[in-house]
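Here is a note for a colleague who is opening this structure for the first time. Please keep the view beside the text and take the points in turn.

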Amino acid sequence: MPVIGYLGRCLIQLVVTMIGIVTVAFFLMRAIPGDPAAYMLGDYATKEALATLHAQLGLDRPLFEQYLLFMGRAFSGDLGTSVVTGQPALSEITSSLPSSAALAVLGLLIAVLIGIPLGIWSAMRQGTWVDVTIMLGALAGISFPVFWFGLVAILFFAHWLDIFPALGATSSESIWTQLYYLALPALVFGFSIAAYIARLTRSAMLEVLSQDYVRVARAMGVPEWQVICKFALRNALIPILAVVGVTFAWAFGNAILIEAVFSRPGVGSTLLKAILARDYQLVQAGVLALAAIVVVINVSLEIAYGLIDPRLRK
Amino acid sequence: METVTTPRNARSEPESDGAAVLEIRGLLTRFPGEPVPATVVNDVSLSVRAGETLAVVGESGSGKTMTFVSAMGLVAHPGRVIAGEALLSGIDLLKLPAKELRKRRGAEIAMVFQDPLSGLNPVFRIGDQIMAVIRAHRALSRTDARKEAVRLLERVHIPDAGRRVDDYPHQLSGGMRQRALIAMAIALGPKVLIADEPTTALDVTVQAQILELLSEIQAETGMAMVLITHDLGLVARHADRVAVMYGGRVVEQGALDAIFKRTRHPYTVALFRSIPHLDTPADSDLTPIQGQPPNPSRLPKGCAFAPRCYLAQDRRDCLERSPTLAAADSPGHLSACHHWHDLAAEGDKAR
Amino acid sequence: MTDTSGQTSLDDLPPARRFAWLDRYVRHPGLMIGMVILLLLVTVAAAAPWIAPYSPLDTDLADTLAHPSAKHWLGTDQYGRDIVSRLIWGSRISLQVALAVVLISLTLGTLIGAVAGFAGGWVDRVIVVCNDILLAFPGFLLALALVAARGSSLESVITAVSIAFTPRVSAVMRSVVLTIKPRLFVEASRAIGMSSWRILWRHVVPNALPPVIVVATVSAATAILAEAGLSFLGLGVQPPTATWGNIISDGNAIITTNPLISFSAGLCIAVAVVALNLLGDGLRDTLDPQMRRQTGRMI
């Protein structure tokens, strides 16, 4: 039953990290100088208004009590109320989640489908022009800001070539129309992550290809495609997955930028609107929800490592 | 020929007994480098016949592994075999198209590497790895390949092979892993087995068992074996012939007792003095070899061993002319030393 | 073993010339290109008041949206501001953010990492857990949260990115300390009386420096991208201050007619980030091959 034990440990880790994230989010926001209530109300707030808002946000209570309250609410799904719309913050976030999830999933799929093969190809042709070209492309990919890629893509594909819509949103029910609108943002998002994945895959593959077991497989006459795609890739996947996890965390930042560039609805746009409206509760809820998603993804990846690497299941 | 004090039967004189299964001729392997390339295998010629064991001896970096890695066409980027032939049953492996070469690797010439810990892929079951090798050469179904894998594991005396076949490498001990690698290497009944320091990473008791296993398989199949090692004790017990390598070259080559009893190269002498082996009395002094092995990209103009050689001192021919491998006093005994006569004169019993 | 790895190390011999150790840095083209670009950028940023042809803020409503000319090399924006001048001044903000983030995260990170590594026990465990949680927290989201809580400013951006990168530095520092700690005890017992400062200076600093520098260059690159992203969203340094992100954002409104404005600012960001990435990759390759594992997982 080692597999069950492994899954159990992963789940415990999930819960611990979640508690940690809520704690860190709470203390970080309190530790940073500045009064959110004062910031929300702007420069001309009256003392009374400030006091009311403090009470409303619970900022007038002792810190530890605030923490427990925050923690209890967070785990019962209550992340406060949007000051602007009066709706529960969590439902504001969840209603905009599907659009972001579609972008994230399609983007990551594109990234993996492009990044991993290119990284493998680059590693196999180490030192040749193929390697140099792919790696220069990847360097450009991680160096240009993703929103700039988005702007250029809109200009090129939507305005000049006119093959994609400039704005990535539609109210159409048809899945094909949805995909048509999603294509350009997902491609931009995917390519920006593919650059990271390709660099990583290359270095992981190079490391693995220099291992003895790869030499043994070759010395025993195992066909090269099998050496690469079966024996080497499964080992290389462990560090690659680790980074795909980290990339995902970081990719949520990119998703916000992509949503802004393409004027797509989504968690990013909701967050952005909330920040501009100084809707503190909603921002806090959004950040927490996204962080939670990142943690869940990381734990799922950890489970995936265990399936790939038997040594971790012990 | 004198009687040899090894448990193995010394075979007849080299050159007299059958054709070589593997014959390496004039092999030259280089790695590009700044400012000059590194020559790691430098004009090496060696051969092994069926049923024979050739020991290749030398310090780390002397090119003993690279010689056979080159012969199998496995030199890693950016290294390259510049010249030479590697004839396996008369066919030059280095001129074969990649596909043909691949078919011979594993099937006709196989290699067991030094470190059994890193030689097995950690994320695949032992059985799957052996099956992959079998199925790379033979059209067997998975079920049949699996049966064959179990049979091979039994052949290398892994207890409970039917269960072990589903183990991952980390579940096996070092000796078991080396057995599994040997099972993989003999899976297709190769004509030549290259064992690259097969026991260096193992316990002493396990070492003996592994070599016993290799000898047993060799006796049964009549395959040729190349034993790459720096353990002269192993050489004394298992080799028929010996090649000593230094700085990418073969510096001395000959039958086991010729090398051990009538050493004709100062480097070999230094090796005997530096490494304890069975023939060394326990109280005799061990002298480590002074200095560093030569850098393959900065090989001296003269003899590569000259800077560390007690015979060379400041002799001009040692510093200016690289000695070629030439016949020494007994038949089939070759030495690459300008002054091997000095060693003959010193008297062989002095060591 | 050199002969089994299939590669022969040429670094085994002592260098033949006095500055031969410099060779491998000079011979690494990426490292050199990155270094040169970075030096150029720093020079431009430092000399901005003297080399910028116009003020970055002066509007000229008579000369808006000018096309590139001898007077305005890259034209002007919708307020008649000279793009070249804005780009030159914008480099200051980007480099300032990068420098501040590197300084803060390096100082805090090495300190925290060293404490964790040397103290061990529960101190170590608490720090590691906090580190892991911060690493799981998306850096850009942290920046957004900060900006939401205290308004958008240069300091918010710097604080947020520094918080995101400190755990990376401290993780690297901790692993370095853990690997050399056993050796330190040997050394300390051999030479009693060696002050802890000397141990720190002689053993910890030289071992920790290479990986920490690599992480620092990566954090500088990310800081520049994060600042640009926040500026682009209108959450960074507020207009009309010239930052590369603001210039792209302003240019976005007129991108169909004057794409050059957004293009050139994007190119500036990319050049700076490419330079830092080249520098980071180059240092990773040349400083110490063993550290590839430690820093390999950093983006």
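1. Start with a helix pair in chain A. Helix 7 (residues 146-160) and helix 8 (residues 175-209) of chain A pack at an angle of about 140 degrees, and their axes are 10 Å apart. Helices here are DSSP runs of H or I with at least four residues, strands are runs of E with at least two, and both are numbered from the N terminus. Axes are lines fitted to C-alpha atoms, for helices over the stretch in contact, and angles run from 0 to 180 degrees between N-to-C directions. Helix 7 and helix 8 of chain A are therefore oblique to each other (under 35 degrees is roughly parallel, over 145 roughly antiparallel, 65 to 115 roughly perpendicular, and the rest oblique). The crossing of helix 7 and helix 8 of chain A is right-handed (left-handed if the near helix is turned anticlockwise from the far one by less than a right angle, right-handed if clockwise).

2. Which residues make that contact? A:Val146, A:Phe149, A:Gly150, A:Ala153 and A:Phe157 come from helix 7 of chain A, and they meet A:Leu184, A:Val188 and A:Ser192 of helix 8 of chain A. Two residues are in contact if their C-beta atoms, placed from the backbone, lie within 7 Å. By class, the contact of helix 7 with helix 8 of chain A has six nonpolar, two polar and no charged residues. Nonpolar means Ala, Val, Leu, Ile, Met, Phe, Trp, Tyr, Cys and Pro; charged means Asp, Glu, Lys and Arg; the others, Gly among them, are polar.

3. A word on the model and its labels. It is predicted: local features need pLDDT of at least 70 and side-chain atom pairs count only at pLDDT 80 or more, while totals for chains, interfaces and linings use all residues. Residues are numbered from 1 along each chain as its sequence is written, and chains are lettered from A and ligands numbered from 1 in the order in which they are written.

4. Chain A as a whole is helical in its listed elements: twelve helices and zero strands. Of its 314 residues, 46% count as buried (20 or more other C-beta atoms within 10 Å of the residue's own; exposed is 12 or fewer, partly exposed in between; C-beta atoms are placed from the backbone). Among contacts in chain A with a separation of 6 or more, 72% join residues 24 or more positions apart.

5. Chain C has eleven helices and zero strands. It has 299 residues, of which 48% count as buried. Residues 24 or more positions apart account for 69% of the chain C contacts with a separation of 6 or more.

6. The axes of helix 4 (residues 83-119) and helix 5 (residues 121-136) of chain C come within 7 Å and cross at roughly 140 degrees. These two helices of chain C are therefore oblique to each other. Their crossing is left-handed. Helix 4 of chain C contributes C:Ile112, C:Val115, C:Ala116 and C:Ala119, and helix 5 of chain C contributes C:Gly121, C:Val123, C:Asp124, C:Ile127 and C:Val128. The classes are seven nonpolar, one polar and one charged.

7. Chain B brings in sheets. Four strands of chain B form an open antiparallel sheet in the order 2-1-4-5. Strand 2 (38-49) and strand 5 (91-92) of chain B are at the edges with a single partner strand each, so one side of each has no neighbour in the sheet. Strands count as paired if DSSP finds at least two bridges between them. Strand 1 (residues 20-31) and strand 4 (residues 80-88) of chain B pair over seven bridges in the antiparallel sense. B:Leu22 has B:Leu88 as its bridge partner. Helix 1 (residues 64-71) of chain B lies across strands 1, 2 and 4 of chain B, at about 105 degrees to strand 1.

8. A further open sheet in chain B has eight strands, ordered 6-7-8-3-9-10-12-11, with mixed pairing. Strand 9 (residues 241-246) and strand 10 (residues 249-255) of chain B are antiparallel over six bridges. There, B:Val244 stands opposite B:Glu252.

9. Finally, the interface. Chain B puts 27 residues in contact with 21 residues of chain A. Helix 4 of chain B supplies the largest share of chain B's side, four residues. That side has 16 nonpolar, seven polar and four charged residues.
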